[in-house]
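Here is a friendly walk through one model, with its pockets, one of its helices and a few individual residues as the stops along the way. Please keep the structure open beside the text.

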Amino acid sequence: MMSNDTKMMIRVTEALRDSVNQCAERIQRPAAQVARELLQDFVERSEERARRVRAIETARSSTFLEGFVADSDTDALLKRYADGDLTIDQVIAEAKQATAKG
């Protein structure tokens, strides 16, 4: 263990623990390493979502000052962006398509 590492204890069911251990064995990696990678991925996804939500809030504030309030379709599109289902380029493309149709 590296000097800056620390332990984290979590409770899981015995069945989940056994499943994790079996899966980790299949890919020939320690279960602890798999757990660390999953936790790191969770943190990175959470931070990215928070960054996207801040960007949306900034854009909403700016457009609100210009007199624009997003409709429910735009809200749904922005939620998909915040959730990481769409890139900003996909949001722009879908918004342009919706504008062209409407």
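## Pockets, a helix and a few residues

The second largest pocket has a volume of about 560 Å³. Keep in mind throughout that this is a predicted model. A lining of 24 residues surrounds this second largest pocket, and A70, T74, L77, L78 and A95 are the ones nearest its centre. Three helices, α2, α3 (72-82) and α4 (88-101), each give at least two residues to that lining.

The largest pocket comes to about 770 Å³ in volume. It is lined by 20 residues, with M8, A32, A35, R36 and L39 closest to the centre. Here α1 (14-26) and α2 (31-65) each provide at least two lining residues, and α2 makes the largest contribution, with seven residues.

| Pocket | Volume | Nonpolar lining residues | Polar lining residues | Charged lining residues |
|---|---|---|---|---|
| Largest pocket | about 770 Å³ | twelve | four | four |

### Around α3

Which residues of α3 are buried? They are L77, L78, Y81 and A82. Looking down the helix axis, the buried residues of α3 lie within an arc of 140°, so they line one face of the helix. On the other side of α3, S72 and D73 are exposed. What do the buried residues of α3 pack against? Their partners are α2 and α4.

Both ends of this helix are worth a look. At the start of α3, D71 brings a side-chain oxygen to within 3.3 Å of the backbone nitrogen of D73. After α3 comes G84, which has a positive phi, near 85°.

R52 belongs to helix α2. Is R52 buried or exposed? Its relative accessibility is 12%, and because buried means under 20%, R52 counts as buried. A polar atom of the R52 side chain lies 2.7 Å from the backbone oxygen of Y81, and Y81 is itself one of the buried residues of α3. Setting aside neighbours within four places in sequence, R52 is in contact with Y81, A82, G84 and L86. Among these contacts is G84, the residue with positive phi that follows α3.

N21 sits in helix α1 and is partly exposed, with 31% relative accessible area. Its C-alpha is 5.7 Å from that of A31, although N21 and A31 are ten residues apart in sequence.

The loop between α1 and α2 holds Q28. As background, most residues other than glycine have a negative phi. Q28 is also exposed, since its relative accessible area is 74% and exposed means over 50%.

Terms used. Residues are numbered from 1 along each chain as its sequence is written. This is a predicted model: local features need pLDDT of at least 70, side-chain atom pairs count only at pLDDT 80 or more; totals for chains, interfaces and linings use all residues. Side-chain values use heavy atoms; hydrogens and water are left out. On a 1 Å grid over the protein atoms alone, a cavity is a set of points where a 1.4 Å probe fits but cannot get out, and a pocket is an open set with protein on both sides within 12 Å along at least five of seven lines; lining residues have an atom within 4 Å of a point. Grid points are joined across faces, edges and corners, and a volume is the space filled by probe spheres set on the points. Helices (H or I, at least four residues) and strands (E, at least two) are DSSP runs, numbered from the N terminus. Ala, Val, Leu, Ile, Met, Phe, Trp, Tyr, Cys and Pro count as nonpolar, Asp, Glu, Lys and Arg as charged, and the others, Gly among them, as polar. Buried means under 20% relative accessible area, exposed over 50%, partly exposed in between (1.4 Å probe, protein chains only). The arc is that of the directions from the helix axis to the C-beta atoms. Contact means heavy atoms within 4.5 Å. A polar contact is a pair of N or O atoms within 3.5 Å; within protein, one must be able to donate a hydrogen and the other to accept it, and residues adjacent in sequence count only if both atoms are side-chain atoms.
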